[in-house]
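Here is a briefing on one protein model, written for quick reading.

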Amino acid sequence: MKTEELEVSTWLPVAPEALYRAWLDSRAHSALTGAEASVQPGVDGVFYAWDGYITGANLELEPGRRILQSWRTSEFPEGHPPSLLEVLLDPDAGGTRITLRHTDIPEGQADAYEQGWEEHYFVPMRTYFVEAGAKRAAKTAKKTAAKKTAAKKTAAKKTAAKKTAARRK
């Protein structure tokens, strides 16, 4: 059987370790793509994504760096073996350069999968991680404001206590 391959890459505003964990977690994978996914995170763990359109298994895992999976869609011809998807995660400019090397794709399907990786993974992942970063920043700002308020209240109490002690003398 003739096959094709492709390589696509993008930058995401997330640490490689966080992206690695999200890719291999059912709830996070579903949230970052916007479609149901189920992932058993270890080597030989099976997964499905996009409501079962994609299925496969984890073949090799290098935490925070690399994921190698067998991968197929419901559009693969009957009897065609799974393709291989290598997910490479490289730290880059405060985020991650994610590169997908997809090999052994049935002939005539690579262009559609290249477009699919962009539209159904990279675009929603950018949104997910930008929003997650904004939520983290807002949470941090809220905590910082709460600490400042608490510090002001503590300082005010200390000042009042000093004034009371001075009056007693």
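**Cavity lining**

The lining of the largest cavity holds eight nonpolar residues, two polar ones and no charged ones. Nonpolar here covers Ala, Val, Leu, Ile, Met, Phe, Trp, Tyr, Cys and Pro; charged covers Asp, Glu, Lys and Arg; the others, Gly among them, are polar. This is a predicted model: local features need pLDDT of at least 70, side-chain atom pairs count only at pLDDT 80 or more, and totals for chains, interfaces and linings use all residues. Residues are numbered from 1 along each chain as its sequence is written, and side-chain values use heavy atoms, with hydrogens and water left out.

**Cavity**

- The count is one cavity of 30 Å³ or more.
- A cavity is a set of points on a 1 Å grid, over the protein atoms alone, where a 1.4 Å probe fits but cannot get out.
- A pocket is an open set with protein on both sides within 12 Å along at least five of seven lines, and lining residues have an atom within 4 Å of a point.
- Grid points are joined across faces, edges and corners; a volume is the space filled by probe spheres set on the points.

**Pocket**

- The largest pocket has a volume of about 160 Å³.
- W50, Y53, I54, W71, E75, A112, Y113, G116, W117, H120 and Y121 line the largest pocket.
- Helix α3 (residues 110–168) supplies the largest share of this lining, six residues.
- By class, the pocket lining has eight nonpolar, two polar and one charged residue.

**Fold**

- The protein has three helices and seven strands.
- Along the sequence the pattern is β-α-α-β-β-β-β-β-β-α.
- Helices (H or I, at least four residues) and strands (E, at least two) are DSSP runs, numbered from the N terminus.
- Of the contacts with a separation of 6 or more, 50% join residues 24 or more positions apart; contact means heavy atoms within 4.5 Å.

**Burial**

- Of the 169 residues, 36% are buried. Buried means under 20% relative accessible area, exposed over 50%, partly exposed in between (1.4 Å probe, protein chains only).
- In helix α1 (residues 16–23), the buried residues are P16, L19, Y20, A22 and W23. They sit on the same side of α1 because they cover an arc of only 165° around the axis. The arc is that of the directions from the helix axis to the C-beta atoms.
- S70 belongs to strand β5 and is buried, at 13% relative accessibility.
- Leaving out residues up to four places away in sequence, S70 touches F47, T55, G56, A57, L59, P82, S83 and L84.

**Positive phi**

- D44 is not a glycine, yet has a positive phi of about 75°. D44 lies in the loop between β2 (38–39) and β3 (46–49) and is exposed, at 60% relative accessibility.
- W50, also a residue other than glycine, has a positive phi near 50°. W50 is in the loop between β3 and β4 (54–62) and is partly exposed, with a relative accessible area of 24%.

**Confidence**

- The average pLDDT (the predictor's confidence in each residue, from 0 to 100) is 87, and 79% of the residues score at least 70.
- Residues 137–141 have pLDDT below 50, and this stretch has zero contacts in the model beyond near neighbours in sequence.
- Where pLDDT is low, the predicted coordinates should not be read in detail.
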